[in-house]
Amino acid sequence: MRHRGDRHHRVGESHYLPESDLKDKGLNRNSIGLLGSVVVAISTVAPVYTLTGALGPTVNKVGTQAPAIFLVGFIPMLLVAFAYRELSKAVPDAGTSFTWTVKAFGPRVGWMCGWGLVMATVIVLSNLAGIGTSFFYLALGEAFNSDWVKELDDDKLVHVPTCLVFIAIATAISYRGMTVTKRVQYVLVALQLAVLALFVVMAITKATGGDVPTSIPFSWSWFNPFEIDGGFTALTAGLSLSIFMYWGWDTALSINEETAGGPKVPGRAAIISVLFIVVAYLMTGVATLMYAGTGTTGLGLNNDEDDNIFAKLADPVMGSGLGILMFVAVLASSVASLQTTFIPVARTLLSMSAYEAVPKVFSRVHPTFRTPGFATVSAGVATGAFYTIMTILSENVLTDTIYALGLMICFYYSLTAFSCVWYFRKDLSRSLHEAMIKGVMPALGGLMLGAIFIKTLVDVADPDYGDGNRVAGVGSVFIIGVGLLVLGAVLMEVQRFRSPAFFRGEILKRDTPVLVPDAD
């Protein structure tokens with residue numbers, strides 16, 4: 001029986017004893033601070049890239065209530081971010097969701113949670129590379145005033161190889177470690193946020209000037225989720241998209257073994273990132289609604305012919321001279337996020353390998369760069385293969401992967417939130433603060449995401465869900481989302497025979513944290 005500390009000390013006056021079964025994986029410690037962690041998290045969320053790919057589908061589902069969806073989607077994200085913060089302080093491990101769910105619920109649940117994170121990341125990486133490639137040719141076309149160059153993106157024989165080159169470059173940068181990653185990110189994040197702010201200001205100015213035929217007046221009702229048409233189905237579909245738009249802040253936690261400043265820094269970075277992102281989304285959502293309206297033709301946000309909102313609105317809002325800046329900003333956002341999104345998948349695979357949950361080869365750390373080299377390269381190869389296959393199978397690969405991604409994110413975020421409640425169950429009676437931060441808030445976040453997961457799971461069974469693409473009569477969103485989870489369950493059983501010790505709970509053990517008072 002493990003001895004627990006004085007239960008009357010507040011968290012601020014206590015610390016957790018390190019878990020004896022956690023392993024040092026050889027990563028480069030103290031290589032990034034609070035600011036760098038926030039920048040990396042924002043970069044992974046990639047607000048400009050995310051908005052251009054998801055704002056249109058969100059408006060298509062909920063109309064002018066898109067800002068309301070951003071607010072409602074923000075609530076479970078913030079609640080889950082508190083769960084991540086508390087778990088990271090007690091168990092600072094690069095495996096994050098995988099490690100924490102193993103600690104709380106055992107090897108099988110932990111393995112599937114880790115698989116969900118890995119697959120969600122691969123889906124995001126493929127989507128990032130696809131949009132980055134599209135805006136690469138759009139930016140070149142704008143720069144040289146050439147429609148022919150812009151149309152190269154529609155040629156799969158050009159688009160796919162270019163996409164693979166972007167993936168290879170991002171893999172190489174991530175392979176070289178956090179120091180190189182951090183330097184690149186400062187520039188790319190600053191660029192995209194500055195252009196996004198300029199776009200918001202110009203869109204609102206022109207919309208209120210009365211010269212835009214599609215503009216609609218601002219209304220506070222846009223923030224009211226109870227005015228969404230279409231009932232619970234429309235709400236959950238919109239929330240699934242909204243959750244995709246927030247995904248990535250947990251990257252700040254996946255680098256907790258490399259963060260300087262103490263165990264509280266990764267959690268602070270995650271919460272700061274979530275708060276920053278919701279403000280950016282609300283401002284952009286309001287600006288685009290005011291300028292473009294919700295029409296189904298032309299600049300209207302419900303025009304199904306347009307998958308990328310900023311590709312359509314850049315020139316009308318900013319003018320042909322400044323419009324190219326938006327193309328560059330989306331490209332920068334995609335490339336920046338493409339690079340940082342390798343961080344969580346590589347470190348999750350590294351951690352799973354260190355604890356023998358996946359083959360040992362994934363635990364290789366580069367001796368100079370101190371990065372999970374093999375895991376990073378493997379993620380790059382898997383991303384390239386996934387995107388190539390999905391591009392062949394689906395005519396609207398970007399939209400379909402966004403819908404499937406929401407399902408995957410809800411799966412592993414909700415499991416992580418529930419693991420917080422169970423892992424800290426013995427601490428919940430210490431104080432009201434403990435009960436709220438470690439129990440009530442994570443539980444609410446997990447329940448919200450769990451409900452969205454179940455409802456989306458039912459919805460994607462309809463072959464017409466998403467853009468209605470089918471393979472052998474089965475909807476492509478179902479194939480991506482549910483198919484990958486089933487594949488994970490099969491691979492887990494295969495790995496169980498290869499590594500029985502992990503699945504017997506002998507390597508990474510289920511336990512509860514030991515909280516002891518700090519010395520006076």
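I began with helix 1 and helix 12, which are roughly perpendicular to each other (65 to 115 degrees; under 35 is roughly parallel, over 145 roughly antiparallel, and the rest oblique). Helices here are DSSP runs of H or I with at least four residues, numbered from the N terminus.

I noted that the model is predicted, that local features need pLDDT of at least 70, and that side-chain atom pairs count only at pLDDT 80 or more, while totals for chains, interfaces and linings use all residues. Residues are numbered from 1 along each chain as its sequence is written, and side-chain values use heavy atoms, with hydrogens and water left out.

**Helix pair.** I looked up the packing of helix 1 (residues 34-45) and helix 12 (residues 309-340): the angle is about 115 degrees and the axes are 7 Å apart. Axes are lines fitted to C-alpha atoms over the stretch in contact, and angles run from 0 to 180 degrees between N-to-C directions. I recorded V40, S43 and T44 of helix 1 and A336, S337 and T340 of helix 12 as making the contact (heavy atoms within 4.5 Å).

**Cysteines.** I found zero disulfides in the whole structure (a disulfide is a pair of cysteine sulfur atoms within 2.5 Å). C410 is buried at 1% relative accessible area, and C420 is buried at 0% (buried means under 20%, exposed over 50%, partly exposed in between, with a 1.4 Å probe and protein chains only).

**Positive phi.** Most residues other than glycine have a negative phi. I noted T96 with a positive phi of about 35 degrees; T96 sits in the loop between helix 3 (66-90) and helix 4 (97-105) and is buried at 3%. E356 has a positive phi near 65 degrees, lies in the loop between helix 13 (342-354) and helix 14 (373-393), and is partly exposed at 32%.

Note on methods. Helices (H or I, at least four residues) and strands (E, at least two) are DSSP runs, numbered from the N terminus.
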